[in-house]
Amino acid sequence: MAKLRLGVIGAGSWAISSHLPNFAKRSDEVELVGVCRKGPELLQKTKDDWGFAVASEDYRDVIDAGMDICLVASPHGLHYEHTKAALDAGAHVLCEKPFTVEPEHAWELVELAERKGLHLLLSYGWNYRPQMREAKRLMDEYGIGSVEQSSLQMASVCRELLANLGDYPAASPESIPEQATWTDPKNGGGYAQAQLSHALGVSLWLTGLRGADAFALMTSVLDAPVEHHDAVVIRYQGGSIGTMSGGSCHLGAGGNRHQLEFRAIGSEGQLMIDLERDEFWLYRVDGTEFRPTLEPDALLYDCDGPPNTLVDLALGRDVINCSPGELGARAVEIVDAAYRSARSGQLEAIRT
């Protein structure tokens, strides 16, 4: 059987440190065909280190080289253009978060993938952890009824990253993050884009909620051009209400582990999941209760699941897409409304 041809559009720090090692482990099924990134020296190094046949600063050369699967890990503001081009070329796509900056672009890509019969995944690594998949199964099988209220809180080490003063702890040492990706508002910079998109990838996946409107306050520190801290009130379709907050915590706090907790109260029970402390609890009013004891680091973030699932789906295997494009689009809607609200000072409706 011929190998899947992989094209990579955007070989930045996270692609180098996480995605490419995962694809390389599937070398019996995946051929690294083309790679695109800015900077001729790092481009050549990436080509040599990973054995790509084609390397170019123009993503169109990667597409022209031919690909069956594509990783889009370019700057946030380019995700729409690059994902659309890859789908138009007939490739199954794994796109880094945030999916897009504009909600209408996200839904356009979802519809394009469906129309062409292609798989579209977001890089929401938590959703593939075995314990998170079990939490999703329990929510689907038992649930907590209609979600009435929820709270989502996240903190992560990116104070320096969002202020152009450094990178993040897991950055590839030979390929530091491109500053404009994180600190240019027009390019999708800011904490909500960088991190709360991850948190929404968890909460919206577990509950199936979709936003209706949002009110947000945002603030920055260290004279940064984008926000470090977010406080958002969300009304979801169907009348459920919730809060979402996030902030850039200090280097070294909690061993640099992401702090992420989600709680929800429904008509038939309650849910709590704490990804920092490896805790999960689901309670139903009929007395049914699930509180499994999780091993240390059971919910520690990794991103092994998305690239491996992309390969398996492209090969026609019966695996679950735990981070589909429509989930990414629902997250983009809320983040977009939050930014518009922070600028206007008013409640802003979701744009689709």
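This is a predicted model: local features need pLDDT of at least 70, side-chain atom pairs count only at pLDDT 80 or more; totals for chains, interfaces and linings use all residues.
Residues are numbered from 1 along each chain as its sequence is written. Local features need pLDDT of at least 70, side-chain atom pairs count only at pLDDT 80 or more, totals for chains, interfaces and linings use all residues, and side-chain values use heavy atoms, with hydrogens and water left out.

**Exercise 1. Classify the pair of tryptophan 126 and tyrosine 301, and state what it ties together.**

Step 1. Apply the rule. Rings of Phe, Tyr and Trp (its six-membered ring) pair if their centres lie within 6.5 Å; planes under 30 degrees apart count as stacked, over 60 as edge-to-face and the rest as tilted. The count is four aromatic pairs.

Step 2. Read the geometry. The ring centres of tryptophan 126 and tyrosine 301 are 4.7 Å apart and the planes meet at 75°, so this pair is edge-to-face.

Step 3. Place the residues. Helices (H or I, at least four residues) and strands (E, at least two) are DSSP runs, numbered from the N terminus. Tryptophan 126 sits in the loop between strand E6 (120-122) and helix H6 (130-141), and tyrosine 301 in the loop between strand E14 (289-290) and helix H9 (305-314), so the pair ties together parts 175 residues apart in sequence.

Step 4. Check burial. Buried means under 20% relative accessible area, exposed over 50%, partly exposed in between (1.4 Å probe, protein chains only). Tryptophan 126 is buried at 2%. Tyrosine 301 is buried at 17%.

Step 5. Widen the view. Trp14, Trp126 and Tyr301 form one aromatic cluster.

**Exercise 2. Decide how enclosed H9 is, and find what covers its buried residues.**

Step 1. Count. Eight of the ten residues of H9 are buried, so the helix is largely enclosed by the rest of the structure. Among them are Gly305, Pro306 and Leu310.

Step 2. Look for contacts, meaning heavy atoms within 4.5 Å. The cover includes strand E1 (4-9), helix H1 (13-24) and strand E2 (30-36).

Step 3. Look past the end. Just after H9, glycine 316 has a positive phi of about 85°.

**Exercise 3. Find the edges of the nine-stranded open sheet.**

Step 1. Write the order. Two strands pair if DSSP finds at least two bridges between them. The order is E14-E13-E12-E11-E7-E10-E9-E8-E15, with mixed pairing.

Step 2. Read the ends. E14 and strand E15 (348-349) each have a single partner strand, so one side of each lacks a neighbour in the sheet.

Step 3. Strand E8 (residues 211-219) and E15 pair antiparallel over two bridges. Alanine 214 stands opposite glutamate 348 in E15.
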